[in-house]
Every structure is written in structure tokens, then in C-alpha cells.
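I set down each look-up in the order in which I made it.

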Amino acid sequence: MTLLAYKADPDCKQRTMDRLRTLKQAGQWSARPIHWDGRTGSLVGSLLQSEDVEQWQPCLGLPAWLALALDGVLANTPDLAAGIRRAVALLEAVPAGIDLSLAGSRCILVLLLDPAHGLASFAQARAEPLAGILQAVAALHLACLRGDRVEPAEWRRVRRQAVQETDGFAKTDVEAALGAVIEAAAWDPRTSRTAVSDTLRQWAWASSARAARSDPPGWTADDEQRVRQRLEELHRQAKAQALPGQEHEHIDVFKLLREQDPALYDHAMLPGRYRKAQAARQWDIGLDLLWAAAMQGVAPEPPALIPRADLFANPARGLIRISPDGQWLAWLADDEGVMNVWAAPRANPGATRQITFDRRRGIQQFSWSYLPGTLLYAQDHDGDENWRLFAGDAGSGGSRELTPLKPGVRTSIQAVSRVRRAEIVITLNERDPRYPDLYLLELASGKLTLLQENTGFAGYLLDDHYRVRLAARSLADGGSLILRPDADGCWQPWIQLAHEDTRGSGPSHLSADGRTLYFFDSRGRNTAALCAIDLESGETTVLAEDDRADIGGILSDPRDYRPLACGVTYDRYRLRVLDDALKGDVDFLSASVQGEWRLSGHTEDDSLWLINVSSDVAPPAVWLYDRAGRSLTHLLDVRPRLSGVRLARMQPAVIGSRDGLNLVSYLTLPVESEAGELRAAAPLPMVLLVHGGPWSRDTFGYKPMHQWLANRGYAVLSVNFRGSTGFGKAFVNAADGEWGAKMDEDLEDAVAWAVARGIADPARLAIFGGSYGGYAVLSALTRYPQRYACGIDLFGPSSLETLLDSIPAYWEAHRARQYRVIGDPRTEEGKARLRERSPLHHAAAVRAPLLIAQGGNDPRVRQAESEQMVAALRSNGIEVSYALYPDEGHGFLREANRMSFNALCESFLARHLGGRCEPWAAPDFPGSSLQLSEGVGHVEREKELKSTVEDAQDR
């Protein structure tokens, strides 16, 4: 019997998707399969508004096994909201009218025979007789797909064989699990609505058992023995201390371990967390396999082009902040293409007033002071990073300059204290451009008083009374020395950090009473732990640590500043609660919002929180959380025009480098090309996005670049290559001396992985990056000239020699570290390395077309870095487009410039990789300062823009 999806009626599918979107927005989901109580339900129950699964097929024209399978997966997924999004995406991807009558057999065959996740090869290795029966079941499903008639007796025969073969095994044995999979699979899905869901459930259990046979990373037999001995010791102690008559009561040894040895308890939980994670992962994989099998042979239509403006134009509103007293809300909002600060009383949000009236690059950041109604923001001149500080008055709507414009002088905020509310501490490098001094700034008058003259320190730490408690000095070997003043005010060495610890270790903040230093510390371990150091005794207490990632993102008590929670990000962000005082809030928020949430601000009394909520397929939204009432109030959506748009999901992947490092990476595929976990329906043109720094990292979440490129038809891959931060000191220090060498090889290994998996088409690859990422683009095109079809470099250094010669004066404190990592120009060996690793000197090797972009005022990577590379390429006959923005710095902030550059990139990629392109014309970007030249010399911008547009439209 033929079964046509959605009864071959596009309107039926549309009604179904409209209902799902409404349900998804309401978010009243239950993990209980086929459940509906009139308000909450499972995906299937909510869609049917009923618990009668018999209505699924006649109502929707979808097989009943799909309903059971979807709800079965969602009942077991650890992130129900994410699972719902993926299940909805699957249902949306199924075209109306596709024949699903044989899709059940395809799904079962994938679970049995898939090279990566099927059980056939495992059965062959563990139990050869079972492997033969599995192949017999697969043969029956293949016969169904060929249209052959399979008699019920044949299904019964193989089921009996599976039962007989596994009768002697215990239920916990892997062989028993394999037999259960085969028995479940030996039914005809056309007549059994549970065949697929039962097979999937048994497959997940068998796959979890298979994965759990190995110890989790970071767990050894010695750990097992240590934990067991400690638990036995606690049990003995508890029995010995029991009161008469209580000797036989239950003793919760794990509770005792958590109370008395929290670090060991956390480590003891590692195997359980690992097994739970493995089980959850199998269900996620199962959903992917269902998708791949159900959609086999289907080429879905790509979604509508997402307008570039919806992704990259200034948002209507963003970056909202609440004042310490809770009386005011302030935010950035678009004002004729420029972001400015606006404010309104929290009790009367309609009484909005504009605070700033910038007409050039806009305001990017601001914060509240403790002086009521006073906020602070900084501006530079066209990206030169010589920041001036301003104060805005939320009550009057006015703003005033706090640090006047002086050539080459930059200001930053050092400290804002609730104790000395009328003052803040700032840094100014007017006396010595290399080492900024500390000044006390009176907010009302603007009066400046020197607090600390900087005699060569890299930074300071102050307490709430603005006493300078610690200073840091860079050492000649790239290490760091932390000092503190003695009774006479003289600086004395206190903590010395070796070079390998400097990127992960250092002070976080002081306690409110100034007696405890909270410190990130990687000394004696690989990843940075959060520690508390008693400043009087020196006693150190480890508060949190993780085997795979550095601790970061502290949530502190606003009264005494003790850490209540911290973040850990390996592949995805996870919040670790350190104090039960926060547990109720964390549990409520985690259950109430869809996606990841972060605390972005709070009132001084901590009664109101600002919560940022987003996911990989949902742009950020901001909510006001009332802690006492446990209530959430929606404040804004940063990208409201993307509401309801189907975005592409991001998938973490850990890719092995050629020398054994784990490269945590993120893959986004076009929604129409997904074929399961880290799978594409066919090899795609791919863009490798390389992050800057290099001492930063890529993370999971909503990324407009990923969404843009995936929507245009490209696979998008971001890689945390060696040198990326957050993965421990061994990983970050593996980049020392490896610019243009092993750091490039990591990217090459990731591309090779994508090609080998059938994700990327090796003939249509692009590399795209800014700052260090731009350098990586140039280096890759010289080292692997045949690998890429094109490259896009944003303000990437072309010569490591001239880069180090021209670093900003205010980076002087870190010069020794730069020399150690990149190359030391003071030595012959260092000079040779810098020259050999500079793409400028290998420009003749480049074969791929390049688009190079540069800000004219960039203080970090000077304009000459790009222009010398452009000249070298053109002298060798290499096609290069050069886009100069004279009024920008290290990044394109003016909306017209940003939008024009993205349009250029889109046309460039479409020309060389064949992706989709949104039409555009020069008048679309009024006020852009773009100066574009192609091939030879400078060509009038208007002519070049028109030519580029015509090329894109001709394609």
C-alpha cells in the first residue's frame, strides 16, 4: 500500500507546520510519549491534541511508526527543547507527496548496517551466529525494498533464531542487547507500527552498552580503587558514629563524600556522567539516522534566501543593561544606521529618551556606574582604538566628555566600586604610551587624581576602596610575576607564573572584605581551576576544576563576591553550581527557557537579573528575571525578523590532528543538505572560517556567519586549532613557534576530515578569516596552493617581521610573550623563522583568487600589511580584489561598510564556489567608504561595484 506524505497535499503539510510552530512558541512540551493533557504534551500528542496514535496516519499521511519513533527519541533526549527543534525540522524537511511506504525498512537497515553506527560489524566481532541472523533480517528488509513479497513465516523464523541464540546470556550482556535489536527488527514495518520504534530503542540500548565498555577519559583503575576505599572509609566512620538503635539505618556514602570531599565526589561522578552522556548521544544519533533513512533519495528545495540585512544590519535594539538600583533600563538602538544609547525608567518603559547622538561608528559598549542614573561609554576616532570616556545621564538625556581628546592617548575603565560610588578608576597612557597610569576620576566634576604611576606593569587589581592590591609584570621569558605591596608600599614578588601558565592563570577578583583572592590557576595541572587564596596565610582552596576545559564565567554573590557558579566550555557551555544558594534559580531558568541562558546583568541587591537566551538556531533574546517571584518578563529580541525562519543547526565535532590533538570544531550544513549527525546528503562547497586571536576560541551557539553561509548553500566549518584558549595549557602552548606551521596543519587536517566524510567537495573549498584568521588564509594559500578555490582575508598580517615592528605601544608589556610565540626578531634564528613563516615572501606560490579587506585606521594590523601583499600578488599575476575602508579600524563597525563588505564576500564566493547570492547594487549602501580595486591599480569604486553586481546577476 502506497503511503504519500501529508496525503500528497501541500496544504496539509502547511497546516501541520503552522500548528507545530505555534506549539513550539508556547513551549509546553512533555517528555512522556504520546501524551496530551489538554495543556502540555509530547510532540505527537500535542500535534494530534489527543493520545490516540491511530489518528496520526489518517490525519497527516505519515506512518504511525514515525510518530512512535519520534516521541521515543524525545522521551530520552537530554535536551528536550533541542530535540523538539530537530524533530520539527525533520517533519518540515519531508516533502508533501513523497512515498514513505518503504521508509520503515530503510530506517531499520540503517540501524543495522550503517558503517559508522550500525550494529553489523559489532555483531560480527562479538557473536558470529548473531551476525548471521542480523544479515538474514537485513535481507528481508532489502527484499521489501525491491518489492518482493516476504511471508510472515519468514519474519517469525528469524525472530525465533535470535531468541534461541541469546537465551543463555544475561540481560546485561552486550550479546543479549544485540539479540534484542535483531528480534525487534524482524518485523515488517508495513504491518507493525512498533517495528521501527522498538528497533530504535533496542539499538540505543545496545549502542550505549557498546560505548560504555571503555572507561571515560580521565578515569583509571587507580581512580576506581581510590573512590572505593574512600567510600568504605566513610561508611565505617558513619557506622562508628551512629547513635544506639541507628546502626542499621541506611548510610548515604555518596552524600557524605560530597560533603567532606567535593573534589573527589565530582571526580567519582565522572563514569556515571559519561554513561549518561553516551546514552543521550545514542538517541541523538538515532534521530539523525531516522532522518537520513526517511529522506533517502529526496532532494529538498533550499529555503528562501535570508536577507543579509536580517543577519548583519544594525539590530533594532540590543545590549540592554539594568542600573544597579533597578530604576533604569538602557540599551543600544539603531538611529539612522548608527547604534546609540537609549534609556527608560523600568517602571515606565514607554518613556524612552536618547542619550547619545553619534553619527559615525556608533556606540558599541556601555555600562552603569553606581552614581544614580549615570552610565559610562567609550568612543575612539574611526577605529584608531584611542578611546575617550563619556558619561550619560539617563534622567536628563545628556552626555558629557570625561577624558578630552588627545592624540595617541587611550582610556579604559579599571574599577567601578559600590563603596566609592561617586568615583571610578581609569587608566590613561598619556605619560607613557606603553604603560598606562591609574587615575581616580570624579564622575560629577571630571576631576582626575593620579592614583598609581605605572613603572612597567602589565596590569593591576584593586579592591572596593580603590587600594591597589596586586600588580603584574611580564618577564623576559614570556612568564609573569604577580606582586603585592608591603607595609611601606614597595612592591614585593608574590606569585610567579611560568610562560606555559600565563594564558590560563591569573587573578579574577578579590572578596568584598579584601581578604581572599579568587584566582584561575593552571600550575600543577593542565586546565585552569578556580581557586580561593587566603591573602594572609596563603592557603589555597580549589573551588572548581574540569579535566577537559578551563574554568571561566564566574557568577558571584553581589554582597561578598564569593563565586556561586562558574562556566565550563569544552564543546558546549555548561554552568556548574558551586553554592546551593543559586540552585533554585538555575533549576527554574533551565526549565523555563529554550536554549542556553547566561546572566548578563543584575541589580545591586541581586533581586533582578537580565538573562540572555539563545541557541544555535535562535538569535539572542533578553528577559528580566524576578528572583523572588520566580517570573520572567520578555524585554527584547535582538533579531526579531528571524523569528519563525528555519535556521541551520550547529553540530560540535572533535577532529583529531595528525599529531594526536583534539580539535573541538563546529559544523553547520544547509538545512536542505543535512543527512544526520555530521553528515551531508552530498559533498558541498565548504567555507572554513578561521577565528582571530589566535588566543581566543570558537564556541557553540547562534552565529550569523554560519547561518548566512549555510543559507547560501555552503557547509561551514570552524576549528579550534592549537593555540585556541579554554582547552588547557598543553593545547594553547602547542602553538608556540607554530604560526604558519602546525597551526596551519590543524586547519588542513580539519578540511581533510570534512572531505573524507563526504561533507565537503574538494574542488569547492574556501578559507575565510580575520586578524590571525586572515594570516591563516594567506598562509594556507601559500602552503597548500591547490587546496582552496578562493580565500577571503580581513586585515590579516602578511609579514610577521613588519607585524612585530609595528605593534601598538600599549602592547609593550606583552612583547616578550609575542616574541616567544611568534618569533624573536632579536636573534638570527628568530628572524629566519619570521621570514620563512611570512606569506608575503611566498606570494608567488598562491594560485587561488583572493579578496583582501582592510581598515585604514587599524592600529593592530596596519594598512601596509594588506597593501604589500596585494602588490606582491599582483606582481605575480594572481587575481586579487582589495577593499579598503579608510574610516574603519580592526573591524568594520559602520553599518554601510559592514553591509557592503558582506555583499562583496557573497558575490566573491558565488563566483568561485557556486553558492547562492542575494542581488545588490551600490546605492544599497549609502555612506559606505569602500574603495575597491581589482586586478591592477585602483578603479573607481562605483564602476567596480556595478561590475561586481552585474557579474552576480549574470550568474
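Is Phe721 buried or exposed? I worked throughout on a predicted model. I find Phe721 buried, with a relative accessible area of 0%.

**Entry: the pair Phe721 and Tyr772.** I next looked up the ring partner Tyr772. Phe721 and Tyr772 form an aromatic pair with 5.4 Å from centre to centre and 35 degrees between the planes, and I recorded the pair as tilted. Phe721 lies in the loop between β31 (715-719) and α19 (729-733), whereas Tyr772 belongs to helix α21, so the pair ties together parts that are 51 residues apart in sequence. Tyr772 is also buried, at a relative accessible area of 2%.

**Entry: the pair Trp739 and Tyr772.** I then turned to Trp739. The ring centres of Trp739 and Tyr772 are 4.8 Å apart; the planes stand at 80 degrees, over the 60 degrees required, so I classed this pair as edge-to-face. Trp739 sits in the loop between α19 and α20 (742-756) and Tyr772 in helix α21, and the pair links these distant parts of the chain, 33 residues apart. With a relative accessibility of 4%, Trp739 counts as buried because the limit is under 20%.

**Entry: surroundings of Trp739.** Which residues are in contact with Trp739, leaving aside neighbours within four places in sequence? I listed Pro694, Trp695, Tyr772, Tyr775, Leu800, Val821, Ile822 and Arg837. I also noted one aromatic cluster, formed by Trp695, Phe721, Trp739, Tyr772 and Tyr775. For the model, I recorded a count of 18 aromatic pairs.

**Entry: the nonpolar cores.** I looked up the largest nonpolar core, which has 75 residues. Leu688, Leu717, Trp739, Leu850, Ile852 and Leu873 touch the most other members. Helix α21 (residues 772-783) supplies the largest share of this core, seven residues. A second, separate core holds 69 residues, among them Leu90, Cys107, Val137 and Val150. As background, I noted that nonpolar side chains in soluble globular proteins tend to be buried together.

**Entry: charges over rings.** Finally, I checked arginines against tryptophan faces. Arg159 lies over the face of Trp187, at 3.5 Å from the ring centre. Arg317 lies over the face of Trp331, where the distance to the ring centre is 5.7 Å.

Key
Residues numbered from 1 in each chain as written. Predicted model: local features only at pLDDT ≥ 70, side-chain atom pairs only at ≥ 80, totals over all residues. Heavy atoms only, no water. Core = buried A, V, L, I, M, F, W, Y, C linked by side-chain atoms within 4.5 Å. Buried < 20%, exposed > 50% of the residue type's maximum accessible area, 1.4 Å probe, protein only. Helix = DSSP H or I, 4+ residues; strand = E, 2+ residues; numbered from the N terminus. Contact = heavy atoms within 4.5 Å. Phe/Tyr/Trp six-rings, centres within 6.5 Å; stacked < 30°, edge-to-face > 60°. Lys NZ or Arg CZ within 6 Å of the ring centre and 35° of its normal.
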